[in-house]
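Here's a quick tour for anyone opening this one for the first time. Have a look at the sequence and the model, then read on.

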Amino acid sequence: MSYKRIVVLTGAGISAESGIKTFRAEDGLWEEHRVEDVATPEGYAANPVLVQRFYNGRRAQLLSDAVKPNPAHLALAKLEEVLGDDLLVVTQNIDNLHEQAGSKNVIHMHGELLKMRCAYTDIVYPILGDISVDDRCECCGMRGALRPHVVWFGEMPLQMEEIYDAIEGCDLFLAIGTSGNVYPAAGFVRHAAMSGAHTMEINLEPSAVESAFAEHRYGLAGEVVPAFVA
Ligand code: BJW
């Protein structure tokens, strides 16, 4: 690997072989729900019980023994052992499979499933079980204040300044397992290319922004990523 500073953007496709459904496949994560109902602040305000149940179910799945990091997560963790802080993983995923694989330099731009946040104070807490709308928040004592620590449509993704700084300083921008439908993440490739980085997409199929990438490798992330970083 001749690249010195790498930013890897990961999406749901990297966790698919670990048994976590992607969003936009036919049997995807939103199959039984309208996106507006479970992934917007308006949907949460209208039916917090439904939204908490949706995330409680995904949390239980992540914590089950069946879900483990796959060779793509492991290969990126191994690459970090070589590059240290010069490898940054920016993930849109709210699972913790990169961390389980051993990656340390990870930004969760769409939040984390194993955290909750007080809607009034923005204090973030770790969580290993269900959240209920009846739970009292530790910091403000209010019932119903605790919401999933995730970024819904219309909300600002997290750590954007750090992400853009890293993209501007990288010589390789690699996107893995993301459909390129959701912004600002889908726009990172253009930013990286304009900043002079080589850009590569690894995905099952061409993404919505595939024409912005200089290089493409199509196939299962669990096979293509280890082969690429080896
Ligand atoms: C495999 C594989 C295998 C399968 N191997 N590959 C009009 C134009 C532009 C933007 C907008 C617009 N109207 C509104 C917007 C903004 C909006 C947006 O983008 N909307 C679009 C629908 C158009 N964005 C926002 O609102 C964001 N906020 C924002 O923009 O704030 C303002 C701002 C602007 C500029 C700078 C900074 C801020 C917030 C977006 C929040 C997204 N939240 C979600 C839910 C998170 C919580 C949760 O998990 O429940 O994030 S939505 C969902 O989509 C989730 C994902 O992270 C995200 C992306 O999905 P991803 O990862 O790409 O998954 P899939 O399923 O789409 O694709 C998987 C891919 O993997 C596929 O291609 C498969 O082929 C592939 N694959 N198996 C390799 N084994």
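**Around the ligand**

The shell around the ligand is made of 18 nonpolar, 13 polar and four charged residues (Ala, Val, Leu, Ile, Met, Phe, Trp, Tyr, Cys and Pro count as nonpolar, Asp, Glu, Lys and Arg as charged, and the others, Gly among them, as polar). Keep in mind that this is a predicted model: local features need pLDDT of at least 70, and side-chain atom pairs count only at pLDDT 80 or more, while totals for chains, interfaces and linings use all residues. Residue numbers start from 1 along each chain as its sequence is written.

- In total, 35 residues surround the ligand, and the closest are Gly11, Gly13, Thr22, Gln92 and Ser179 (a residue is near a molecule or strand if its C-beta atom, placed from the backbone, lies within 6 Å of it).
- Helix 1 (residues 12-16) gives the largest share of that shell, with three residues (helices are DSSP runs of H or I with at least four residues, strands are E runs of at least two, and both are numbered from the N terminus).
- Both domain 1 and domain 2 put at least three residues each into the shell.

**Two domains**

- The protein splits into domain 1 (1-20 + 69-110 + 158-230) and domain 2 (23-66 + 111-150), with bounds that come from an automatic or database domain assignment.
- Their centres, taken over C-alpha atoms, are 25 Å apart.
- Where the two touch, domain 1 supplies ten residues and domain 2 supplies nine residues (contact here asks for C-beta atoms, placed from the backbone, within 7 Å).
- On the domain 1 side of that contact there are three nonpolar, six polar and one charged residues.

- Six strands form an open sheet in the order 3-2-1-7-8-9, with parallel pairing (two strands pair if DSSP finds at least two bridges between them).
- Strand 3 (106-108) and strand 9 (215-218) are the edge strands, each pairing on one side only.
- From one strand to the next, the twist averages 15 degrees (axes are lines fitted to C-alpha atoms, for helices over the stretch in contact, and angles run from 0 to 180 degrees between N-to-C directions).
- Helix 5 (residues 71-83) packs on the sheet and touches strand 1 (6-10), strand 2 and strand 7 (172-176). The direction of helix 5 makes about 145 degrees with that of strand 2.
- Strand 2 (residues 87-91) and strand 3 run parallel and are joined by three bridges.

**A closer look at valine 90**

- Valine 90 sits in strand 2, opposite isoleucine 107 in strand 3.
- Is valine 90 buried or exposed? It counts as buried because it has 23 C-beta neighbours inside 10 Å (buried means 20 or more other C-beta atoms within 10 Å, exposed 12 or fewer, and partly exposed in between, with C-beta atoms placed from the backbone).
- Leaving out residues up to four places away in sequence, valine 90 touches Val7, Leu9, Ile107, Met109 and Ile163.

- Tyrosine 183 and proline 184 are joined by a cis peptide bond, with omega about 5 degrees. Proline 184 lies in the loop between strand 7 and helix 8 (188-194).
- Aspartate 122 has a positive phi, near 70 degrees, in a residue other than glycine. Its place is the loop between strand 4 (111-118) and strand 5 (124-126), and aspartate 122 counts as exposed because it has 9 C-beta neighbours inside 10 Å.
- Glutamine 159 is not a glycine, but its phi is also positive, about 55 degrees. With 13 other C-beta atoms within 10 Å, glutamine 159 is partly exposed.
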